[in-house]
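Subject: Structure for you to look at

Hello,

Here is the structure I said I would pass on, with its sequence. My notes on what was found in it follow below.

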Protein chains: 2
Amino acid sequence: MDTPQPIDTTHFLQQQLDAIVALLEKQEEEKSHFRTSASERHNPDVSIVVDEYQARLQNLLSDLHPADLAFLLESLPLDQRQTVWDAIKSELDGQVLLEVSDSVRQTLISGMEVEELASAASSLDTDEIADLAADLPKRAMLKILRSLNNVERTHLNTILSYQEHQVGALMDFGMITVRDDLNLWAITDYIRRLGKLPSHTDKLFVVDQNNVVKGVLPLQRLLTHAPSQNVAEVMVTDFVQFQVDEDTAHAARAFERYDLISAPVVDNLGQLQGRLCVDSIIDFIREKTDEDMLIQAGVEEDEDLFSSVWRSARNRSVWLLVNVATAFASTRIIDVFQDTILQLVALASLMPIVAAMGGNTGNQTSILIIRSLALGQITSANVRRLIKKELTLALLNGTLIGILVGALSWALYYDLALSFVIGAAMLINLMVAVGVGLCIPLVRYKLGKDPAVGASIMLTAITDSMGFFIVLILARTFLIGK
Amino acid sequence: MDTPQPIDTTHFLQQQLDAIVALLEKQEEEKSHFRTSASERHNPDVSIVVDEYQARLQNLLSDLHPADLAFLLESLPLDQRQTVWDAIKSELDGQVLLEVSDSVRQTLISGMEVEELASAASSLDTDEIADLAADLPKRAMLKILRSLNNVERTHLNTILSYQEHQVGALMDFGMITVRDDLNLWAITDYIRRLGKLPSHTDKLFVVDQNNVVKGVLPLQRLLTHAPSQNVAEVMVTDFVQFQVDEDTAHAARAFERYDLISAPVVDNLGQLQGRLCVDSIIDFIREKTDEDMLIQAGVEEDEDLFSSVWRSARNRSVWLLVNVATAFASTRIIDVFQDTILQLVALASLMPIVAAMGGNTGNQTSILIIRSLALGQITSANVRRLIKKELTLALLNGTLIGILVGALSWALYYDLALSFVIGAAMLINLMVAVGVGLCIPLVRYKLGKDPAVGASIMLTAITDSMGFFIVLILARTFLIGK
């Protein structure tokens with residue numbers, strides 16, 4: 001306890017990772033050496049080598065925070081991950097399982113016995129067990145449920161009864177409640193007798209006899225006010241609370257806006273049900289933004305960096321197969337105009353440009369709309385102005401890009417009519433693209449669906465086929481007959 | 001103070017927004033009504049109408065949190081935004097400017113006098129002024145600097161001396177420091193005399209005579225331990241601290257991992273320089289992920305929902321112009337093979353499919369690599385295994401998609417050789433795409449650049465041109481000569 005041991009977060013973990021990988025590779029090497037030379041040498045016991053390396057590995061892993069262990073596991077290929085997982089002290093198993101990503105958690109759990117899982121869960125709070133519940137085998141879950149007392153079982157069932165996107169699913173039960181007729185001295189005494197406060201306790205919740213939240217008592221006020229004052233005089237009555245069935249995205253925005261650390265969660269009678277803390281909110285924001293980004297790129301669900309090739313292939317091929325379908329559908333149009341292309345083969349290289357630019361422009365619009373929807377900035381009051389603005393913008397950029405592309409086409413083929421057709425097609429396709437980029441997320445949002453899902457694939461399918469169609473129909477009308 | 005006034009975060013703000021828009025539109029209407037009928041009626045004073053609406057608007061805005069006002073301003077078109085901004089109490093101006101997005105802040109500041117800006121800044125802490133500094137006109141900044149005392153000016157200069165991505169630029173100075181030879185009673189007494197703790201104070205920092213951080217004293221320990229104990233006995237010595245010049249992304253990961261609320265920031269001598277809090281970290285995570293997502297879609301910088309069309313056009317056209325260039329470059333290949341297309345016009349509709357699928361596949365890979373790099377999961381120890389895995393995956397998915405696309409081509413054109421060429425081209429292009437999707441972010445990261453920037457545009461340019469090239473060269477070799 002003499003000198004501080006600050007964790008050098010920047011390099012420490014990567015060094016640790018390198019050391020572990022080096023150790024595991026050396027172990028493999030030595031083991032294979034023993035095996036190959038076993039007949040010549042005096043039958044050395046491989047298990048001695050294993051034991052020695054196991055001890056060195058455990059030494060490297062000791063004193064690490066569960067979150068750091070989770071990071072190491074996520075960064076290791078499957079076989080090395082299993083070796084490290086076996087070397088981690090079993091009392092940390094529960095915490096580590098909580099910290100790893102969903103996909104990595106599945107690889108870890110799949111290798112564990114029901115007994116091991118139940119004992120790992122025994123060190124966790126009920127809200128933490130709820131986080132794991134979806135990934136646990138039914139038999140393990142039953143065993144865990146049997147080991148809980150009545151209150152814990154009720155808590156667990158409460159959390160599990162809410163949908164993933166609701167505040168109730170993210171809350172914990174680490175709240176401290178007090179009555180408003182006590183004085184601060186009594187509160188301080190109560191806390192001292194508790195001996196320990198749940199993490200992220202920045203305020204106590206003041207409830208009445210019906211468990212309805214009347215106010216909050218920040219620890220700061222407890223520390224800065226005279227001990228003789230009553231809770232009722234000191235508590236804050238103008239506080240933020242959340243409904244159990246409220247959308248977590250709303251709660252996350254409130255945490256960001258009001259810089260909250262913890263807040264009460266109540267039912268529709270105002271009765272205290274649980275507590276929402278900033279650490280859960282950070283995890284939520286990170287997961288949601290990650291998910292949005294992966295969805296944009298057509299990765300269905302978060303992927304373990306070292307998940308099996310088969311698993312990854314399945315995860316990614318769904319999107320690719322959908323793309324094959326839309327790509328074939330949108331290029332069908334080209335076949336209809338085969339004659340047009342044969343008469344003016346330059347179209348074959350100019351069409352893809354018009355199609356691609358449509359996709360890019362529409363994507364810009366849709367991503368900005370998706371983000372503004374996520375921030376709650378788009379309302380019925382301003383949506384019409386927004387649509388007008390985006391279409392004006394499309395007209396402006398479409399004219400600019402249309403002229404540019406027309407000019408470039410002229411420089412390549414010295415065909416003024418062709419340049420005009422390509423420029424006009426570009427302008428029209430950009431207008432279509434922006435219109436579609438606006439519509440898809442807005443309509444999906446209106447229908448109560450996630451505006452980000454499928455936006456880019458539908459957009460690309462439409463802008464591609466429209467791009468081809470507009471170029472070819474204009475070309476057939478204005479160029480071929482002349 | 002009798003009844004709690006919880007803020008209904010879900011609907012309240014949107015209702016408020018609708019009410020404001022309705023009010024402003026009604027005002028416009030009445031004003032124009034007065035103007036048009038001014039000659040007929042008995043010259044009514046328009047200013048009475050304006051005053052009345054101004055009062056009603058101020059009534060709607062009163063008691064709103066600065067972050068809520070910021071939300072309202074961001075959701076309003078420019079003219080209405082200005083009206084609302086004028087109606088906001090000037091003592092809140094500084095806080096509101098802090099809360100709005102960069103682009104909206106610029107629209108608000110551009111309409112303000114130097115005097116107004118200086119008085120808005122006078123209500124802010126130095127770290128908050130630093131946040132605004134980049135957007136303030138030089139004259140306003142000079143005026144603000146003159147109004148600060150020496151300590152504040154040093155603080156401000158300290159923060160401004162760090163680069164945007166460094167911890168030092170994000171820290172504040174709201175830390176409370178104590179010595180370890182005091183007992184807890186003395187600390188409690190000291191806090192009570194302070195009267196108020198800075199927000200997000202969950203721990204005090206214990207420093208020695210050289211201002212080196214020796215430990216931290218969480219408020220929880222202060223409340224749960226006997227007042228007679230010394231700080232040295234109670235403080236935590238195994239704590240997380242950050243270097244002033246450390247990358248904020250690292251710090252953000254540490255906050256997520258260790259569930260921190262605040263942490264000391266030190267220089268390389270271990271001397272306390274400031275404090276990093278979870279609210280800044282949440283803002284950082286939100287901004288960084290937003291930025292990454294917008295960059296992927298080719299939006300240069302964050303855009304005000306209602307910025308002028310010209311401004312938006314400029315913001316988005318840069319990317320579009322780059323796209324025009326790459327699109328023309330990659331389709332140049334098609335022109336070289338005009339003869340091939342004329343002999344087999346089906347190629348014109350099949351090439352874009354191969355090109356597009358390459359882009360999609362490469363994008364999946366690159367987005368996963370970018371994310372893993374951001375999470376620090378890719379190290380020299382595992383990068384080779386990762387590359388091997390991705391290429392195996394490409395081989396697998398390429399074979400699957402290749403066979404599928406070949407079969408579909410056969411169904412369309414009944415040409416077995418053509419189907420074979422398209423299927424093979426697809427497999428090859430997917431391998432190329434995954435290779436490029438791996439290389440671009442990894443190489444950019446190795447060179448110390450942001451791996452996300454430009455990844456998708458370079459990728460698409462390469463997969464498009466390679467897609468066209470592979471199809472056409474295979475077709476010329478195996479189909480045309482036969």
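The contact between the chains takes 112 residues from chain B and 112 residues from chain A, where two residues are in contact if their C-beta atoms, placed from the backbone, lie within 7 Å. On the side of chain B that touches chain A, the largest share, 14 residues, comes from helix α18 (residues 346-374) of chain B. Helices here are DSSP runs (H or I, at least four residues), numbered from the N terminus. That side of chain B divides into 54 nonpolar, 36 polar and 22 charged residues. Ala, Val, Leu, Ile, Met, Phe, Trp, Tyr, Cys and Pro count as nonpolar, Asp, Glu, Lys and Arg as charged, and the others, Gly among them, as polar.

Before you read further, note that this is a predicted model, in which local features need pLDDT of at least 70, side-chain atom pairs count only at pLDDT 80 or more, and totals for chains, interfaces and linings use all residues. Residues are numbered from 1 along each chain as its sequence is written, while chains are lettered from A and ligands numbered from 1 in the order in which they are written.

On confidence: pLDDT is the predictor's confidence in each residue, from 0 to 100. Chain A has a mean pLDDT of 87, and 95% of its residues reach 70 or more. Over residues 1-6 of chain A, pLDDT stays under 50, and the model has 11 contacts beyond four places in sequence for them. Where pLDDT is low, the predicted coordinates should not be read in detail. For the complex, the predictor gives an ipTM of 0.87 and a pTM of 0.88.

On helix packing, starting with chain A: helix α21 (residues 416-446) of chain A packs against helix α22 (residues 455-480) of chain A at an angle of about 155°, with their axes 9 Å apart. Axes are lines fitted to C-alpha atoms, for helices over the stretch in contact, and angles run from 0 to 180 degrees between N-to-C directions. α21(A) and α22(A) are therefore roughly antiparallel; angles under 35 degrees count as roughly parallel, over 145 as roughly antiparallel, 65 to 115 as roughly perpendicular and the rest as oblique. Their contact has 23 nonpolar, 4 polar and no charged residues.

In chain B, helix α16 (residues 309-336) and helix α21 (residues 455-480) pack at about 15°, with axes 8 Å apart, which makes α16(B) roughly parallel to α21(B). Residues of α16(B) in this contact include V322(B), T326(B) and I333(B), and those of α21(B) include A461(B), F468(B) and L472(B). The contact divides into 9 nonpolar, 5 polar and 1 charged.

Regards

How values were computed:
Helices (H or I, at least four residues) and strands (E, at least two) are DSSP runs, numbered from the N terminus.
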